[in-house]
Amino acid sequence: MAVASPDEDTCNDVTNIDSDCGQNIKVRNKLTSGYHHGRGNTKPTKTQGAPTGKCSHGGPDDESRKMVAKCGINKETPTESLSPHFYLHEQAYLAAIAATTDFLTMNDTGILKMLGSKTFDEIFNIKTREDVSLAFVIDFSGSMKEEIAAVREQIIQHVTATIGSGNEPADYVLSLFSDPVTLNKAFVERDGYEMIKRIKNITVAGGYDCPEFASDGIARAISISRNGSTIFVFTDADAKDANRQQELTDAAITKRIIISPFITGTCARGRRAIQCKLVKDTKCYL
């Protein structure tokens with residue numbers, strides 16, 4: 001493909017940088033990139049009100065997104081507030097995988113064939129995924145209505161950061177709890193992007209009363225998580241089945257699992273985070 005020239009405007013200006021970024025690319029059938037202030041490059045200045053300009057990278061830490069042409073074009077995450085072209089993230093992800101696979105292993109032209117496996121592994125510091133799970137236990141009862149969106153976004157950012165990194169887990173666990181206990185359910189996904197899809201689809205279910213069947217949700221996560229895993233618990237309620245605390249403690253110790261509870265709100269008077277005793281061979285972060 002052709003590359004846009006240095007003096008060619010590549011993006012259209014928009015009115016609202018929070019909602020109008022989806023179709024801001026001006027050039028077609030040409031390659032371009034986005035300026036990102038703070039990363040050693042400065043976006044060319046255009047007069048306010050100009051209809052077009054150079055594209056920005058975009059996202060909350062890029063000040064150039066406020067300059068003509070406003071917005072940005074990055075597809076780094078599947079979250080709109082972080083990536084203006086979030087809707088293209090999976091497509092870009094799959095295209096990057098295909099191109100990288102060709103470069104590394106294609107028939108006789110891939111560098112794996114040219115270098116040999118030993119040199120290849122040394123150059124790329126080949127590592128396997130950690131044999132642990134990254135688990136999230138989420139209260140999705142009605143009382144979490146005001147907090148669930150923030151919880152979803154925080155977890156999506158966490159999962160996105162691990163994908164392809166040196167500490168990517170072997171799988172991801174999601175356990176949802178509410179009241180009645182029949183609403184509780186748990187999932188395991190090896191693909192981080194499949195887990196993100198599940199997280200994005202979480203909506204509140206169950207009553208608005210407290211407490212909830214949190215211990216059951218944690219127990220489900222422990223049972224399907226690998227040894228040495230970390231479980232993050234998000235809730236605004238006490239455990240209705242708190243009598244199972246010793247059972248959870250024993251199970252966590254046996255599998256060397258760390259349970260980290262977070263308070264996301266105040267559901268009722270005297271509300272506290274799910275309790276996790278600090279005992280030998282296990283940890284609890286409050």
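In this predicted model, helix α1 runs over residues 89-105. The helix has 17 residues. From its first C-alpha to its last, α1 reaches 24 Å, close to the 24 Å expected at 1.5 Å a residue. Asn-107 follows α1 and has a positive phi, near 30°.

Helix α7 spans residues 245-254. Its buried residues are Leu-248, Thr-249 and Ala-252. These residues lie on the same side of α7, because they cover an arc of only 100° around the axis. Arg-256 follows α7, and its phi is also positive, near 55°.

Aromatic contacts were examined next. A pair of aromatic rings is described by the distance of the centres and the angle of the planes. The structure holds three aromatic pairs. One of them joins Phe-86 and Tyr-87. Their ring centres lie 6.0 Å apart, with 90° between the planes, and the pair is edge-to-face. Phe-86 is partly exposed, at a relative accessible area of 24%. Tyr-87 also counts as partly exposed, at 39% relative accessibility.

Tyr-93 and Tyr-193 form another pair. The centres of these two rings are 4.1 Å apart. Their planes meet at 45°, so the pair is tilted. Tyr-93 lies in helix α1, whereas Tyr-193 lies in helix α5 (residues 192-200). The pair therefore ties together parts that are 100 residues apart in sequence. Tyr-93 is partly exposed, with a relative accessible area of 24%. Tyr-193, at 12% relative accessibility, counts as buried, because the cut-off for burial is under 20%.

Conventions
Residues are numbered from 1 along each chain as its sequence is written. This is a predicted model: local features need pLDDT of at least 70, side-chain atom pairs count only at pLDDT 80 or more; totals for chains, interfaces and linings use all residues. Side-chain values use heavy atoms; hydrogens and water are left out. Helices (H or I, at least four residues) and strands (E, at least two) are DSSP runs, numbered from the N terminus. The expected span of a helix is 1.5 Å times one less than its number of residues. Buried means under 20% relative accessible area, exposed over 50%, partly exposed in between (1.4 Å probe, protein chains only). The arc is that of the directions from the helix axis to the C-beta atoms. Rings of Phe, Tyr and Trp (its six-membered ring) pair if their centres lie within 6.5 Å; planes under 30 degrees apart count as stacked, over 60 as edge-to-face and the rest as tilted.
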